[in-house]
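Subject: Structure for you to look at

Hello,

Here is the structure you asked about. Please open it and keep it beside this note while you read.

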Amino acid sequence: AALLLASQVRLVMKAHSFIRENVPRVLSSVKDKSGTVHIPRISQYLYFLFAPTLIYRDNYPRNPTIRWGYVATKFAQVLGSLFYAYYIFVRLCIPQFRNSSQETFNLRGLVLCIFNSILPGVLILFLVFFAFLHCWLNAFAEMLRFADRMFYK
């Protein structure tokens, strides 16, 4: 459910960016009564939907080739992150809560479970950020030949 909600939020933000960039252009051409109204092509919109950006432009900088080895490496890192998250759950999270349903409730046990779950939770959070924001989005950026990945420069 959270994945579906995140995807819907992403699509709403992309639709907002698309409308915000194109409506003023169309309105100004109608106000000027010029004969040509520049409306984006469907291919431009579809590329924007899959590109790892939230800012719509008609054209993005593109790489000349796709480095398939780089794409495979990024997807392997996503897969490795999933296996590592599974390992963290099996070794560190599940044993903490295995017998909690059979025990009577006490505040000491709850506090111990929470504090013993902080480190695995932070590790899972870092893995999610690494797997999605670094690996997954860079793999799709490479497959789409999206060259505007110099955010930190």
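K14 lies over the face of F48, 4.5 Å from the ring centre. A charge sits over a ring if NZ of Lys or CZ of Arg is within 6 Å of the ring centre and within 35 degrees of the ring normal. R67 has its charged end over the ring of Y70, at 4.4 Å from the centre.

This is a predicted model: local features need pLDDT of at least 70 and side-chain atom pairs count only at pLDDT 80 or more, while totals for chains, interfaces and linings use all residues. Residues are numbered from 1 along each chain as its sequence is written, and side-chain values use heavy atoms, with hydrogens and water left out.

F48 also belongs to a cluster that ring pairs form with F18, Y45 and Y56. Rings of Phe, Tyr and Trp (its six-membered ring) pair if their centres lie within 6.5 Å; planes under 30 degrees apart count as stacked, over 60 as edge-to-face and the rest as tilted. The whole structure holds 8 aromatic pairs.

One of them is Y60 with F146, tilted, with 5.5 Å between centres and 55 degrees between planes. Y60 lies in the loop between helix 2 (42-50) and helix 3 (68-97), and F146 in the segment after helix 4 (107-143), so the pair ties together parts 86 residues apart in sequence. Helices are DSSP runs (H or I, at least four residues), numbered from the N terminus. Y60 is buried at 12% relative accessibility, and F146 is buried at 2%; buried means under 20% relative accessible area (1.4 Å probe, protein chains only).

Regards

Definitions and conventions:
Helix = DSSP H or I, 4+ residues; strand = E, 2+ residues; numbered from the N terminus. Buried < 20%, exposed > 50% of the residue type's maximum accessible area, 1.4 Å probe, protein only.
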